[in-house]
Amino acid sequence: MDQKEVIEEKQLKRGLSNRHIQLIALGGAIGTGLFLGIGPAAVLAGPAVILGYAIAGIIAFFIMRQLGEMVVNEPVSGSFSHFAYKYWGSFPGFASGWNYWILYILVSMSELTAIGIYVQFWWPEIPLWASSLFFFIVINLLNLASVKVYGEAEFWFSIIKVVAILAMIIFGVYLLFSGTGGEQATINNLWNNGGFFPKGILSGNSESGFKGLLAAMALIMFSFGGLELIGITAAEAENPEKNIPKATNQVIYRILIFYVGALVILFSLSPWETITDKSSPFVMVFNNLNTIDVNLFGQTVAFSKIIANALNLIVLTAALSVYNSSVYSNSRMLYGLAEQGNAPSFLKKLNKNYVPVMAILVSSLFAAICIVINKVIPESAFEILMSLVVSTLVLNWMMISFTHLKYRKQKSIENVKTLFPSFMYPISNYISILFLIGILVIMWFTGLKMSVELIPIWILILYVSYLAVNANKKKSN
């Protein structure tokens, strides 16, 4: 093997085209957080959860633009871990990379759990762990093939999700205005039954305390985890200077259409009190609608049942999509950490298709713990994983905003004008950081106290690990 071949073997390949990048970014905005996570949030806040998603979406857009500015100028593997390492310090770089990796291990676990829940809609006798194991194997095999296979799979997953959400919105509008959705289907559901804030401070319900919109915000944050994936794709994206800004700028429109639009329809079709946290509210609402019957294979079937089954297929696709992206992003972050010297060097190993094979296998080994969790505590697995995801997600986004402040300060000193300036810098950074601190405060007072208490312990574990890695580096030198 000559020197040129050795160099090529150590480099990721730019195999993600413009259409892959656009749909990966789009797919990151439509996942389990929307289809399943909305259930617990809706129970807490009622229709006011629509406002919560809009507010959280704006914060997500701010952070996406901050990350986008950095990755367009320096499209590298490891993304924001690289920037924290370079512009903030070695420990922030170490901590942000490993925190992101743990975040998406937890996301992988929650998505695998959600997959099992969706499968049980059709076959309740199949245990959660069995479904999780099957799709765990399938998705990991896809990612081991090549980055183009991952991109192609994610492209089609996202196409299905987008078409489904648009079809659901259009069909929901038809049900509302044609009268075929039944007497309970009316836009008045948005403000009837206790008003738009039925369980919040603005409702005047003194018993609700911190419940309502504020309480739901932590769960709403879960929905937006994954938007930063666009930064991870930079090292393998074709023409990142053009494709990443385009995908990033479209995030805000997607949130307004796919979250706010879909939720307005959801809460209009059925009173918010009928929504539970046991299954996808979208599937449940359409399943309960008294709409027209159709003749299918000689049998009369309620059209709503057909829609509910189709929607369950869609939400299953969404969960598979997010898990697919989690496997991809985790392996690339681990690869980037290995390049920095903050993870074992064997994780830099690429197969013949330029895929970081060892990084995928190690990440998957940890994600497989989910199968054990689903076997031991299937009733509460999703809620536990979701609360842990929110804690690491808040840390992740906070570090992106802080890193961006450091990045812009350095670029100002160097008198360098960046290609894709962030939106409302530095005000958007401070707004984002304050909002994320507020999320932690809300979590502390609304039943997620343990998740907040684990954060300083997790940071301490990261710091001790960092010291151990540094000591090992010095010993090796």
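How many of the 19 residues of α13 are buried? Before I come to that, please note that this is a predicted model, in which local features need pLDDT of at least 70 and side-chain atom pairs count only at pLDDT 80 or more, while totals for chains, interfaces and linings use all residues. Residues are numbered from 1 along each chain as its sequence is written, and side-chain values use heavy atoms, with hydrogens and water left out.

The helix α13 is mostly covered, with 14 of its 19 residues buried, where buried means under 20% relative accessible area, exposed over 50% and partly exposed in between, with a 1.4 Å probe and protein chains only. From first C-alpha to last, α13 reaches 26 Å, close to the 27 Å expected at 1.5 Å a residue, the expected span being 1.5 Å times one less than the number of residues.

L256 lies in α13, and it counts as partly exposed because its relative accessibility is 45%. Together with L166, I170, Y253 and I257, L256 forms a nonpolar patch on the surface, with about 510 Å² of accessible area in total; α13 supplies the largest share of that patch, 3 residues.

Methods: Patches are made of residues with over 30% relative accessible area and no salt bridge: like charges are joined within 9 Å, nonpolar side chains (Val, Leu, Ile, Met, Phe, Trp, Tyr) within 5 Å. Accessible areas come from the Shrake-Rupley method with a 1.4 Å probe; for residues, only the protein chains shown count as cover. A salt bridge is a side-chain nitrogen of Lys or Arg within 4 Å of a carboxyl oxygen of Asp or Glu. Helices (H or I, at least four residues) and strands (E, at least two) are DSSP runs, numbered from the N terminus.
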